[in-house]
Amino acid sequence: MSALVRTYGRTLTGTFVFLTAAWLLGMIVIPQLFMIERSLWVRQESTQLSLEIDRLYNEVSLLRFDAQSAAGADKPAIEDKISGIEERIAELETQEKEPQKVYTLSNYSRMSGLHFRIFVRTIIYAAMVTVLALVVCYPIAFAVARVATPQAAAFLMLGLIIPYAINELLRVYAWLMILDYQGVLNTFLDWIGVTNLAAKQWIPFLESPAAVFVAMVYTYILFMVFPIYNTLETLDRNQLEAARDLGAPSWRIHWRVAIPHAKPGIAVGCIMTFMLSAGSYSVPQIMTRGTSGDWFSQTIYRQFFESNNWNVGAAYAFTLLVVCIVFIFLMMLVFRVGVRDIAR
């Protein structure tokens with residue numbers, strides 16, 4: 001903080017701190033607190049309340065029948081009794097429409113066996129997407145940072161960045177057009193005689209989770225490439241040359257020199273890719289169209305906007321958030337990096 005004050009002055013530093021705090025509170029802390037609070041209560045709805053209301057309505061009907069045949073002196077008393085019962089009915093109906101909030105952990109225990117399997121499968125699939133993205137992106141990042149000439153590196157970076165000028169949904173739809181039943185890939189296979197589109201004998205790529213994996217790796221590739229590239233760019237070329245001069249094979253150079261140096265970038269890339277994949281809704285929704293089973297994000301969406309059960313939806317969303325936080329600490333433990341290393 002003192003360094004910021006010396007650099008920017010008290011007024012500008014105070015502005016930075018205020019805007020940062022406002023962003024954290026307004027966009028992260030407060031919405032998460034509301035979600036946690038919503039996940040911790042249920043409305044206590046009682047069937048006895050409905051039965052009591054029905055009983056009172058029946059009693060009012062009988063009293064009105066008695067009032068029609070009652071003598072003049074008895075009629076006001078019956079009318080007063082009807083008014084009292086109607087006030088009681090209004091009170092009970094208000095309680096029925098706005099049942100009492102009861103704080104409990106039951107929303108977290110209401111996950112059905114099917115939803116739990118979807119949750120576990122989503123975590124496993126997100127981990128597989130992360131591993132696949134790392135395998136694909138590490139060679140690219142290393143080539144751009146350490147091997148390619150400046151001109152070739154610029155072309156490689158442009159090749160990675162230019163597709164991101166297009167909306168994410170359009171990039172996902174592009175893969176849908178490629179992998180669809182009569183898409184580009186099946187059309188090419190039909191042309192070489194592997195499939196027969198006229199007889200509807202195509203390969204159902206979209207019915208496999210692999211279609212989602214491919215689309216997600218393409219969609220989130222920059223979030224894996226850039227952190228690794230940023231750390232590898234600071235690697236001294238002399239260390240690589242020294243390892244080669246000492247006779248180390250390429251795999252050993254990467255294992256003992258490049259990868260240890262890139263651990264913070266790899267950790268950040270894995271964290272960002274995993275969290276984006278686990279929480280992605282558009283990619284699995286578009287790519288599978290319901291033919292390959294839901295991801296947990298789709299289940300959360302249905303709890304909020306189809307079942308209109310915001311309490312259970314909040315519990316599901318917070319559960320996914322907890323798993324993502326655990327994954328962050330797991331990556332920090334595996335790669336032996338701290339928060340300061342990740343924030344560089």
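**View 1. Contact between helices α12 and α13 in the predicted model.** Ile-259, Pro-260 and His-261 of α12 meet Lys-263, Pro-264 and Ile-266 of α13. Four of the residues in this contact are nonpolar, one is polar and one is charged. Two packed helices are described by the angle between their axes and the distance between the axes. Here, α12 spans residues 250–261 and α13 spans residues 263–278. Their axes come within 5 Å and cross at roughly 60 degrees.

**View 2. A nonpolar patch on the surface.** The patch is formed by Trp-23, Leu-24, Leu-25, Met-27, Ile-28, Val-29, Ile-30, Leu-33 and Phe-34. Together, these residues have about 910 Å² of accessible area. One of them, Phe-34, lies in helix α1, which comprises residues 2–39. Phe-34 counts as exposed because its relative accessibility is 59%, and the term applies over 50%.

**View 3. Asn-308 and its positive phi.** Most residues other than glycine have a negative phi. Asn-308 is not a glycine, yet its phi is positive, near 55 degrees. This residue is found in the loop between α15 (296–305) and α16 (310–334). With a relative accessibility of 60%, Asn-308 is classed as exposed.

**View 4. Arg-336, in the loop between α16 and α17.** Helix α17, on one side of this loop, covers residues 339–342. Arg-336 has a positive phi of about 55 degrees, although it is not a glycine. Its relative accessibility is 71%, and Arg-336 therefore counts as exposed.

Note on methods:
Residues are numbered from 1 along each chain as its sequence is written. This is a predicted model: local features need pLDDT of at least 70, side-chain atom pairs count only at pLDDT 80 or more; totals for chains, interfaces and linings use all residues. Side-chain values use heavy atoms; hydrogens and water are left out. Axes are lines fitted to C-alpha atoms, for helices over the stretch in contact, and angles run from 0 to 180 degrees between N-to-C directions. Helices (H or I, at least four residues) and strands (E, at least two) are DSSP runs, numbered from the N terminus. Contact means heavy atoms within 4.5 Å. Ala, Val, Leu, Ile, Met, Phe, Trp, Tyr, Cys and Pro count as nonpolar, Asp, Glu, Lys and Arg as charged, and the others, Gly among them, as polar. Patches are made of residues with over 30% relative accessible area and no salt bridge: like charges are joined within 9 Å, nonpolar side chains (Val, Leu, Ile, Met, Phe, Trp, Tyr) within 5 Å. Accessible areas come from the Shrake-Rupley method with a 1.4 Å probe; for residues, only the protein chains shown count as cover. A salt bridge is a side-chain nitrogen of Lys or Arg within 4 Å of a carboxyl oxygen of Asp or Glu. Buried means under 20% relative accessible area, exposed over 50%, partly exposed in between (1.4 Å probe, protein chains only).
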